[in-house]
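This report concerns a single protein model, to be read alongside its sequence and coordinates.

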Amino acid sequence: MKKAAFNFSVLFGVLSVLAGCRSELPGPLPPRLGNSYIWCFIECDEIIVYSRPFYIEEKHGQKHIYYREKSEETLSIANGTAIAVMLVGNNFIFSKDKEFQEYVTQMGDTLFNYKKALKEGYGNDSPYAITKTLETVAVTCDKEYNATYPAGSNLNNLLSVCINDYQSFVKNGYQLYNGEDAYKMEVAMAFDGIYRKFAMEETDFSLYPFMNPYMFILLEQAPEQTDTYSFTVTVKLTDGRTLTATADPITIEGEAQ
């Protein structure tokens, strides 16, 4: 089991890309072994939250989400404003570790055909999955969002979330999901799987074990007033632990503008 030194290199790479920089991970990293799609499992014990503007572009019938360059200008919901959430931890479990085989067996990830996947245009990345299942994810704000949502209110009704559910992908015979709510995330740590977009309030996260450690929360409704807002994300795990982090403040154009 790899410890903190490797975790810090991954964490640095993630934060660098979120901040608009690029950073290469040091090598050599453990190779993909066996017949599992998942390359590594993470025992998460912390979350990183970052506000980010984005845009959606359709290519060959597939919707892609890209980060826009972050600036000091006021952001608008119409142009795309989101909260990136990364679940991170100190312990990484690779194929040589005993726990790895236990996890891939639990999720049924034992029949991945790497060569076939490459021919079909995916499988070239090294995907991570979390070992702890999420129970709930809640987003609050430091200021009144509108008259219905005072400061500190749960804003889930105003949000949607994009997640990469590896277990459903495995159960579907390693076939990429291609529904109307499917998105390809062109961002750090998203890898080459497909993300599905859900209404945040209606999402039962406990149904998605072994998901990608990266979530993308989209703001679907503007605040009442143009102001600078800080969003806090609280993740409750099914093992009883709670992880919380606050994103950097961003200025959002209000409906009253």
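The structure is a predicted model. One of its open sheets has three strands in the order 7-13-14, and the pairing in this sheet is antiparallel. Strand 7, residues 134-141, and strand 14, residues 242-246, stand at the edges; each has a single partner strand, so one side of each is left without a neighbour in the sheet. On average, and with direction ignored, neighbouring strands of this sheet are turned by 15 degrees against each other.

Strand 7 and strand 13, the latter spanning residues 231-237, run antiparallel and are joined by seven bridges. Within this pairing, Val 137 of the sheet stands opposite Val 235 in strand 13. Ala 138 belongs to strand 7, and its relative accessible area of 21% makes this residue partly exposed. Although Ala 138 and Thr 234 are 96 residues apart along the chain, 5.2 Å separates their C-alpha atoms. Leu 237 has its place in strand 13 and is buried, with a relative accessible area of 0%. Leu 237 and Thr 136 are 101 residues apart in sequence, while the C-alpha to C-alpha distance is 7.1 Å.

A further open sheet of three strands has the order 5-1-6, with mixed pairing. Here strand 5 (91-93) and strand 6 (128-130) are at the edges, and each has a single partner strand, so one side of each lacks a neighbour in the sheet. Strand 1, residues 40-43, runs antiparallel to strand 5, and three bridges join the two.

As a general point, strands of a sheet pair through backbone hydrogen bonds, in either the parallel or the antiparallel sense.

## Strand 9 and its partners

Strand 9 pairs with strand 3 (residues 62-67) in the parallel sense over three bridges, and Ile 65 has Met 185 in strand 9 as its bridge partner. With strand 10, by contrast, strand 9 runs antiparallel and is joined by two bridges. Tyr 183 stands opposite Tyr 195 in strand 10.

## Cysteines and accessibility

A search of the whole structure finds zero disulfides. Cys 40 is buried at 0% relative accessibility, and Cys 141 is buried at 5%. Both values can be read against the cut-off of under 20% relative accessible area that defines a buried residue. The table collects the accessibility of individual residues.

| Residue | Relative accessible area | Class |
|---|---|---|
| Cys 40 | 0% | buried |
| Ala 138 | 21% | partly exposed |
| Cys 141 | 5% | buried |
| Tyr 174 | 8% | buried |
| Phe 210 | 6% | buried |
| Leu 237 | 0% | buried |

## Positive phi angles

Most residues other than glycine have a negative phi. Tyr 174 has a positive phi, near 60 degrees. This tyrosine, Tyr 174, lies in the loop between helix 4 and strand 9 and is buried, with a relative accessible area of 8%. Phe 210 also has a positive phi, near 55 degrees. Phe 210 is located in the loop between strand 10 and strand 11 (214-219), and its relative accessibility of 6% places Phe 210 among residues that count as buried.

## The second largest pocket

How much space lies in the second largest pocket? The volume is about 180 Å³. Of the 13 residues that line this pocket, Asp 165, Ser 168, Phe 169, Tyr 177 and Arg 196 are the closest to its centre. Helix 4 (166-171) and strand 10 (195-199) are the elements that contribute two or more residues to the lining. By residue class, the lining of the second largest pocket divides into six nonpolar, five polar and two charged residues.

Conventions
Residues are numbered from 1 along each chain as its sequence is written. This is a predicted model: local features need pLDDT of at least 70, side-chain atom pairs count only at pLDDT 80 or more; totals for chains, interfaces and linings use all residues. Side-chain values use heavy atoms; hydrogens and water are left out. Two strands pair if DSSP finds at least two bridges between them. Helices (H or I, at least four residues) and strands (E, at least two) are DSSP runs, numbered from the N terminus. Axes are lines fitted to C-alpha atoms, for helices over the stretch in contact, and angles run from 0 to 180 degrees between N-to-C directions. On a 1 Å grid over the protein atoms alone, a cavity is a set of points where a 1.4 Å probe fits but cannot get out, and a pocket is an open set with protein on both sides within 12 Å along at least five of seven lines; lining residues have an atom within 4 Å of a point. Grid points are joined across faces, edges and corners, and a volume is the space filled by probe spheres set on the points. Ala, Val, Leu, Ile, Met, Phe, Trp, Tyr, Cys and Pro count as nonpolar, Asp, Glu, Lys and Arg as charged, and the others, Gly among them, as polar. A disulfide is a pair of cysteine sulfur atoms within 2.5 Å. Buried means under 20% relative accessible area, exposed over 50%, partly exposed in between (1.4 Å probe, protein chains only).
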